[in-house]
Amino acid sequence: MSTITPDAIEVRPSALSPGRRALGTVLRSRELAVALVLVALVALTTTKSSSFLLGSDGWRSLLVNPSILIVLAVGQTVVIVTRNVDLSVGSTLGLTAYLTGRLFLDTGLPAPVVVLVAVAAGAGLGLVNGILVAFGKVPALVITLGTLYIYRGIFLSWAGSDRVNAGDIPSDFLRLGTAQVLTVPVLTIVALVVLGLVGYHLQTARSGRELYAIGSDPDAAVLYGLPVARRVLFAFMVSGALAGLAGVFYVARYGTVSSNAGLSIELQAVGAAVIGGVAIFGGSGTVWGASIGAALLVTINSALPVLGISDFWQRAVVGALILAAVVLDRVLSARQARRLAVARDVGPGHLVIEPNAGAGDKEAAR
Amino acid sequence: MSTLTAGTTPRSYRSYARPAWQRWLLTREAAVIALLVAVFAWSTVNVPNFDGPLTLYYLFLDMAPILLIALPMTLVIVTGEIDLSVASVVGLSSVLVGVFHADLGLSIPLGGLLAIVIGAIAGAVNGFLVAYVGLPSLAVTIGTLALYRGIAVGLLGTKAVTDFPEKWTDLAKQRIVEGGSYPVVLIPIAVLVVVFAILLHFTSFGRGIFEVGLNDEAARFTGVDVERTKFWLFVMTGAVSAFAGIYYTLRYGSARGDNANGMELQVIAAVLLGGVSIFGGRGALHGVVAGVLLIGVISSAMRLEDQTVNKINIVIGALLVLSVISTSFLAWASGLRSARRWPWPQRSRPDGAAQRPQS
């Protein structure tokens, strides 16, 4: 293990063997750190009250509660990675949740069709965001802040004073919210499948890597010939479609859709991504981290009362956690920059500067 | 050869080619003010009861917290940062005023002063993390949004403090002239508008704010203390938000942890509608004041027309989207126009070199 010094993996990962490199990357990853915090939290809470993890109810709600936020955080990550942000997901969730309820109520379509329509509607709302951001060349924060109001306004004017009640929803659809396969709730399985698909795409597919390239440096991405507008459009559509899926989840989970469905959940989704190590200025972070962050945020809410802390304080804890995550990122990146600088100053014998290294590096090395 | 021709062509400074009043009329701020006047005039004529004395009175009462917070928020956004935690500071200071009054028995002015100090500290935490630690303000203030709101809700739970002395709750709703439509809260607002307008537009500190927003590296080289500028702006935002929280508490006579939930986005929408660029470096305070009032006038006119708050939200959201889209649309259109009007096919770059043909 002595070869995986912190220096080696940060400064010159290519000097290590592939296996060691992968091990070092995993050990140093943000995902592992957040997952450990989550495991520690669950373990600590379980020692206080064993039913939190081991009771059948506790086990189920531990798994099913984060599913909505995980889906939203995955979509949010896809957008944030391109150096944009989607604040309209909460309103999209509310609108598609109500649409789902209305479709069951008015049309009697079979459930799979309803789910597809809701996801497509979410994708359509995301497409509007994407067109405005990608082709209007205006900041995503402003556009999605505007559509946050517009979508919620449409949702509330459409719903008026009536709301969707659990009695209006077919009972076999509602059973989805409680159904389990091998004690794992169906909603959680769907959320994990979505996470796997999007994560695999972002990590391996060319178009997925291009999202990271765009977020790292939009101008360079244009010069390099990447289809920036198309990719950003795609990212917003994914985010919208996943918010639509989260709306379906909402109906399946709670049965009722009232006017505050998805209210201010958008900042939680961004917070989950930030905790999971997604850089707010794009170009780095994974959906794996974001989803673990989402699970941590939701689990804290249910763990605090068990730990004897009044759940009124849960938002304060969440806030402190987000701040800690941002500060940690800063400290780690500063440390890495310092190590790189030291390795550079030690000289070319220690670290060979390759001919195609960036001009800035060469300049600094002189 | 094209380098030479471009170099010897006399430069025309197109943005200064018109007289000052024409240039002023072409600004975003003038457009917002014109829209405000137009909507106001239209509503006065067409909306029943809009010209009544109560309309303006309630408009000012309702918009006062947003107007107050929008002032320092403008300065923060001009530096290219953002503060999402303002509504949570409003809630926190509201709870603090209630707790100081009910549990500690402090008088309202003393409790309010303490709340403003704590609001300034809350802003200083944001400012320290953003300016000196160098963290992205969007992420930091999403964190403190949850943190401050969590402290506010944690202190009071679901309880509410409502037994404020009538002297003070009446003051929040009092009119300057008995029977008039201008509430007393307009006096501190007017003072703060003047203070912030001078600070932003007529001091070297204010010029520094714009410079930081345009290019903070360049600002550092010209002697602007970038960190200190940002830090103090966040402190001001915290203090003014706390003041807005005190007003909010007294106006509704109730201190609750969830007061002003979600107001941060309303404030930011108003500021952006007023012509401030989210990227920083551009904006003016008169535009922001007009933007806030525009939202207020549209809301009260639509409410008098029996429209729900939902329709009002749609209109405000659409206005926000249109206002930013129009800027880039106008830039695109004027780009087309100038390309057609200029005789030479390739425009020269500012450094005199010919631009490469775009593929």
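Helices here are DSSP runs of H or I with at least four residues, and strands are runs of E with at least two. By that count, chain A of this predicted model holds 17 helices and two strands. The radius of gyration of chain A is 22 Å, close to the 21 Å that the globule rule gives for 366 residues, so chain A is as compact as a globular protein of that length. Along its principal axes, the C-alpha trace of chain A spans about 75 × 55 × 35 Å.

Chain B has 15 helices and zero strands.

| Item | Value |
|---|---|
| Chain A, buried residues | 45% of 366 residues |
| Chain B, buried residues | 45% of 359 residues |
| Chain A, contacts at separation 6 or more that join residues 24 or more positions apart | 74% |
| Chain B, contacts at separation at least 6 that join residues at least 24 apart | 77% |

Now the interface. Here 41 residues of chain A are in contact with 39 residues of chain B. By residue type, the side of chain A that touches chain B divides into 27 nonpolar, ten polar and four charged residues.

Note on methods: Residues numbered from 1 in each chain as written. Chains lettered and ligands numbered in written order. Predicted model: local features only at pLDDT ≥ 70, side-chain atom pairs only at ≥ 80, totals over all residues. Buried ≥ 20, exposed ≤ 12 C-beta atoms within 10 Å, placed from the backbone. Contact = placed C-beta atoms within 7 Å. Nonpolar A, V, L, I, M, F, W, Y, C, P; charged D, E, K, R; others polar. Rg over C-alpha atoms; globule rule 2.2 N^0.38 Å.
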